[in-house]
Amino acid sequence: MKEETLLSINGVSVAFKINGEFYTAIDDVSLELHRDEVLAIVGESGSGKSTLATTVIGLHNMNATQVTGEINFQGKEILELSEDEFNDIRGDEMGMIFQDPLAALNPLIRIGDQIKESLDVHSDMTEDQKQARVHELLDQVGIPHPERVAKQFPHQLSGGMRQRIIIAIAIANKPQLIIADEPTTALDVTIQAQILDLLKDIQRENHAGIILITHDLGVVAEVADTVAVMYAGEIVEQAPVETLFNNPKHPYTRSLLRAMPTIDSESDELYVVEGAVPSIKDMDRNSDLFAPRIPWTKPDVGHPVLKEIAPNHYVRGESWREFKFKDEL
Ligand SMILES: Nc1ncnc2c1ncn2[C@@H]1O[C@H](COP(=O)(O)OP(=O)(O)OP(=O)(O)O)[C@@H](O)[C@H]1O
């Protein structure tokens with residue numbers, strides 16, 4: 001049985017103003033996230049993953065961004081919140097973890113004080129309680145000698161340790177929703193696995209929902225429950241993780257999976273469909289946007305729509321029914 005819905009994204013579109021004109025970066029995206037669920041959003045660079053995350057956490061520069069649609073978070077329509085109301089939930093009910101911990105940490109402030117800042121803003125604990133909570137959080141994210149590390153500065157820690165600090169800050173107020181944007185990309189493989197385990201532990205403890213943004217399908221296989229594959233600002237396929245890996249349909253999903261290195265790959269060469277995600281200025285939203293990357297397949301006529309082809313398995317368009325890789329023709 002599915003857990004309670006935590007976040008419901010309904011028909012959300014986002015456009016950015018470039019030289020006075022608006023261009024669509026996210027087009028009519030709908031997604032649901034439940035408690036205890038990890039929803040992975042995957043796709044190449046430029047597919048709109050970060051834009052979607054930034055929209056949910058309300059961090060766009062609204063002078064140059066148009067956001068339409070609805071985002072309901074625990075019963076609140078968050079696109080209607082004022083800046084102050086959003087500041088209250090960001091860092092409290094919503095925690096964020098970004099790719100580059102060094103950029104996210106202030107080099108001049110001691111680790112313990114940076115974690116404490118989040119408690120200063122969102123909790124009414126006494127100084128002693130905050131101090132104890134900082135040590136508890138450092139311990140929870142697997143930092144040895146919390147008292148000592150709390151007094152250190154970011155540059156004194158390794159990349160993996162700094163990412164743990166970011167996670168400690170993100171979870172300081174026990175958020176219901178954690179948004180992690182490429183949280184392990186900058187880390188080596190062993191540390192990546194530790195950080196992913198840590199995120200899973202934290203999730204179990206708080207019954208949080210996690211949106212995990214990544215281009216790494218290995219990471220997805222490890223931790224996700226549900227996967228949404230994005231291309232050119234749209235969801236092209238969405239399914240429970242087992243379905244997506246065992247029965248992928250959309251040519252883009254199948255290309256990403258083919259490009260995934262496996263332990264028994266015979267060659268080091270990765271198969272990828274040539275080309276890249278077009279710039280938002282070059283997207284013809286009345287067409288089949290992925291078709292130019294697979295010119296040997298008949299494209300969908302007009303703009304393909306997302307359809308539920310089996311329970312909880314959504315695929316965009318019909319061209320996937322005929323699609324074969326070149327070496328399968
Ligand atoms: N503030 C902005 N102004 C103009 N265009 C933007 C802005 N932010 C993102 N874009 C454009 O929107 C599209 C989606 O970008 P986004 O960063 O969301 O993709 P992504 O899938 O997260 O890629 P990456 O993995 O490289 O972060 C890209 O074409 C990008 O150039």
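**Close-up 1. A180 and L212, strand 7 beside strand 8.** In this predicted model, A180 stands opposite L212 in strand 8. Strand 7 (residues 177-181) and strand 8 run parallel, joined by five bridges. Strands are DSSP runs of E, at least two residues, and helices are runs of H or I, at least four residues, both numbered from the N terminus. Two strands pair if DSSP finds at least two bridges between them. From strand 7 the chain passes through helix 8 (residues 189-206) to strand 8 in a right-handed β-α-β crossover (clockwise from the first strand over the helix to the second, with the strands pointing away from the viewer).

**Close-up 2. Strand 8 and strand 3.** Strand 3 (residues 38-42) also runs parallel to strand 8, through five bridges. Here A40 is the bridge partner of L212. Six of the six residues of strand 8 (residues 209-214) are buried, so the strand is largely enclosed by the rest of the structure. Buried means under 20% relative accessible area (1.4 Å probe, protein chains only). G209, I211 and I213 point one way, and I210, L212 and T214 the other.

**Close-up 3. The ligand shell.** Residues around the ligand (a heavy atom within 4 Å) include F16, E44, G48, K49, T51 and I280. Helix 1 (residues 49-56) gives the largest share, three residues. Ligand oxygen atoms lie 3.0 Å from a backbone N or O atom of G48, 2.9 Å from a side-chain N or O atom of K49 and 2.5 Å from one of T51. The protein buries 62% of the 630 Å² that the ligand exposes when taken alone (Shrake-Rupley method, 1.4 Å probe).

**Notes.** Residues are numbered from 1 along each chain as its sequence is written, and side-chain values use heavy atoms, without hydrogens and water. Local features need pLDDT of at least 70, and side-chain atom pairs pLDDT 80 or more, while totals for chains, interfaces and linings use all residues.

Technical notes. Buried means under 20% relative accessible area, exposed over 50%, partly exposed in between (1.4 Å probe, protein chains only). A polar contact is a pair of N or O atoms within 3.5 Å; within protein, one must be able to donate a hydrogen and the other to accept it, and residues adjacent in sequence count only if both atoms are side-chain atoms.
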